[in-house]
Amino acid sequence: MATKVDYSLYLVTDSTEAILGSKDLVQVVEQALKGGVTIVQYRDKKSDTGFFIETGKRLHQVCQKYNIPLLINDRVDVALAVGCEGVHLGQDDMDITSARQLLGKTKIIGATVSSTQEAEIAVKAGADYLGIGTLYATSTKKDTKSIIGINGIRQILRYLGYQEDQKFKDVKTVCIGGINASNLQRIIFQLSGSCSPRAINGVAIVSAIMAAQDPESASSNLKSLLNSPPPWKAKSTEPHFWHEKEADEFTHIKTQTLKAIRAVASTSPLSHNMTNLVVQNISANIALAIGASPIMSNNGAEAADLAKLGGGLVINMGTATPDALANHRKAVEAYNAAGGPIVLDPVGAGATSARKAALAFLLASGYFDLIKGNEREILSVARACGFTISDASQQRGVDSGTALYTTPQKCRIVSRLAACERNIILMTGATDIISDGVRTYTISNGSHYLGLITGSGCSLGTTLAAYMAANPGDKLLAAVAGILHYEIAAEYAAKRQDVQGPGTFVPAFIDELYNRRVEGDGSDPAWIHELKVG
Ligand code: 3NM
Ligand code: MG
């Protein structure tokens with residue numbers, strides 16, 4: 001039994017009011033089985049033993065009808081009484097060796113692990129599969145010990161993949177925590193193929209099925225998402241698509257940029273900024289100038305309401321205190337749930353161990369549609385995502401302005417990182433590099449004055465969040481349009497007679513951002529030809 005199990009869509013039940021509501025547990029499980037879940041774990045943290053066993057038996061009957069294994073959470077005695085296929089054991093439950101003695105060789109034993117150490121112990125003790133978590137924070141289980149994100153899960157998969165002992169290669173794996181229809185395909189993608197040395201075998205899900213109005217269609221939807229290639233996959237198999245059509249591509253970018261600028265002007269998207277005090281004023285003014293609507297709120301408690309307004313969020317790691325990070329996590333969860341774009345600005349990432357920890361915390365909080373930073377910041381993000389970036393090159397440069405890598409090298413890092421994170425990476429500099437892992441562009445517009453004023457990097461984030469919110473269809477080109485709007489405006493400001501230095505540049509820049517706006521029926525402006533995209 002244990003070797004033939006399909007772990008791909010793993011249902012974990014929950015009997016609480018908050019999730020099951022007034023529905024009948026056995027009925028919900030049967031609907032989920034009809035929808036296509038491949039394995040079921042009966043998890044009940046409150047019931048008395050008698051009820052636990054009785055319900056377990058009813059669930060087992062239903063599962064047998066669909067030829068699907070049933071596991072019991074925590075209670076080996078209940079599993080034995082029910083006669084089902086095995087158990088799932090948490091770190092505080094019975095140890096695997098004892099459970100194996102009680103259950104025998106043929107039963108399935110799964111273990112919750114959240115570190116390589118726990119994985120090692122579980123595999124050596126003979127676990128058939130590992131439930132790796134917590135992937136993302138979830139209200140289903142508020143007392144989770146560690147939220148490890150995609151990178152934490154990859155680290156464990158990498159560890160398993162590199163051990164000599166065959167046991168480590170054979171053990172099956174599922175991840176758990178905050179998985180739903182909106183993020184399932186990305187999670188699978190990020191935990192398989194070239195981005196992960198050992199693929200994940202499945203996803204374990206509670207609320208996305210158990211709390212659904214219609215558990216059958218929720219499961220069958222999740223199942224079809226699992227079994228169909230994600231929408232971006234078709235594109236990524238055609239890496240030469242754009243290069244064969246360079247002239248067209250340039251025209252395409254111009255057209256899309258103008259379309260994106262018009263969309264911002266006509267929809268006035270919200271740009272919600274969680275940022276530091278120093279830059280709040282200029283970022284809000286820049287949001288207004290480009291045609292967006294700024295909200296500067298660092299309060300995570302109101303993020304859920306703001307996320308419903310259809311805008312984008314910027315998280316600026318400039319003040320990464322524990323308080324700020326807790327608010328950031330709430331906001332990331334809210335925007336991920338609502339589907340609004342999030343820009344992460346990992347200010348000074350890698351500079352101190354506190355900032356490294358803050359970056360890891362944020363990356364584990366959810367999905368960022370775009371991560372923007374200078375060369376060192378993006379290299380820190382790459383390291384945090386498990387990339388091997390040589391430290392020798394880091395020592396060559398002293399100040400943040402010294403380039404470590406050549407442009408082609410940077411393009412490779414940026415596009416590989418974007419491909420693995422399934423998002424957009426923007427490395428800013430005299431030449432900006434932006435990629436979604438399939439298309440990579442360099443942009444050489446801008447002015448040196450942007451480096452002489454505070455908040456120009458943060459305000460670019462403000463701009464990008466608004467651009468992506470107003471242009472959700474192609475977020476890469478939306479971001480390219482935002483950068484062009486921003487940097488071409490800077491060029492116009494720098495050329496003005498009245499600009500004599502960084503002080504006079506700021507108001508001129510705000511004016512020129514405003515002047516770059518294109519209203520719905522306005523004709524195409526001449527400045528669009530000044531874009532320097534490669
Ligand atoms: N175990 P949902 S997280 C039961 O990390 C459970 O070990 C976890 O619920 C762990 O799919 C979790 O609703 C709850 O987010 C997952
Ligand atoms: Mg337990």
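I looked up the spacing of the two domains first: the C-alpha centres of domain 1 and domain 2 lie 37 Å apart. The model is predicted; I took local features only at pLDDT of at least 70 and side-chain atom pairs only at pLDDT 80 or more, while totals for chains, interfaces and linings use all residues. Residues are numbered from 1 along each chain as its sequence is written, and side-chain values use heavy atoms, with hydrogens and water left out.

Bounds. Domain 1 covers 9-228 and domain 2 covers 236-530; such bounds come from an automatic or database domain assignment.

Contact. I found 14 residues from domain 1 and 15 residues from domain 2 in the contact (heavy atoms within 4.5 Å). The buried area is about 1100 Å², and carbon and sulfur atoms give 53% of it. I read buried area as the accessible area (1.4 Å probe) that two parts lose on being put together, summed over both.

Salt bridge. I found one across this interface. Arg 154 pairs with Glu 421, with the closest N and O atoms 3.0 Å apart. The rule asks for a side-chain nitrogen of Lys or Arg within 4 Å of a carboxyl oxygen of Asp or Glu.

Helices. On the side of domain 1 that touches domain 2, H6 (149-162) and H8 (184-190) each supply at least two residues. H6 gives the largest share, four residues. Helices here are DSSP runs (H or I, at least four residues), numbered from the N terminus.

Terms used:
Chains are lettered from A and ligands numbered from 1 in the order in which they are written.
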